[in-house]
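Here is a set of questions and answers on the pairing of charged side chains. Please keep the sequence and the structure in view while reading.

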Amino acid sequence: MSSKQHYRVLVVDDEEDILELLKYNLSKEGFDVKTVNSGKKAVELAKDFVPDLVLLDIMMPHQDGVETCRQLRDL
C-alpha cells in the first residue's frame with residue numbers, strides 16, 4: 001500500500017477547456033480532482049467533497065470567484 005496521501009482539489013472555471021486541462025494534469029500527478037463550471041455548484045460540491053485546495057476562476061458569470069470564495073470559507 002502506498003503511503004502517498006491523495007489530496008483533493010476542486011477546480012472551478014466557466015471554461016470547459018481549462019477544466020479539462022487542469023483535471024488531466026492534476027489527476028496524472030495523483031490528485032483526486034473534481035471540476036465544476038460555476039461558483040454555486042462549487043459551494044454545493046465542497047460540502048461533501050471537502051477539498052484540500054480550490055483553484056478558482058475570479059471572473060465567472062452569475063457568481064464571481066470572490067463571492068464563491070467567501071461562501072466556501074463559511075462552510
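Q: How many salt bridges does a search of the whole structure find?
A: This is a predicted model, and a pair counts here when a side-chain nitrogen of Lys or Arg lies within 4 Å of a carboxyl oxygen of Asp or Glu. With that cut-off, the number of salt bridges found in a search of the whole structure is three.

Q: Which residue forms a salt bridge with Asp52, and where in the chain is this partner?
A: The closest N and O atoms of Asp52 and Arg8 are 3.9 Å apart, and the two residues form a salt bridge. Asp52 sits in the loop between α2 (39-49) and β3 (53-56), so that the pair, 44 residues apart, links distant parts of the chain. The partner is Arg8, in strand β1 (residues 8-12).

Q: Is Asp52 buried, partly exposed or exposed?
A: Buried would require under 20% relative accessible area, and exposed over 50%. Because Asp52 has a relative accessibility of 42%, it counts as partly exposed.

Q: What separates Lys47 and Glu44 along helix α2?
A: Lys47 forms a salt bridge with Glu44, and their closest N and O atoms are 3.3 Å apart. Because the two residues are three residues apart in helix α2, their separation is about one helical turn.

Methods
Residues numbered from 1 in each chain as written. Predicted model: local features only at pLDDT ≥ 70, side-chain atom pairs only at ≥ 80, totals over all residues. Heavy atoms only, no water. Helix = DSSP H or I, 4+ residues; strand = E, 2+ residues; numbered from the N terminus. Buried < 20%, exposed > 50% of the residue type's maximum accessible area, 1.4 Å probe, protein only.
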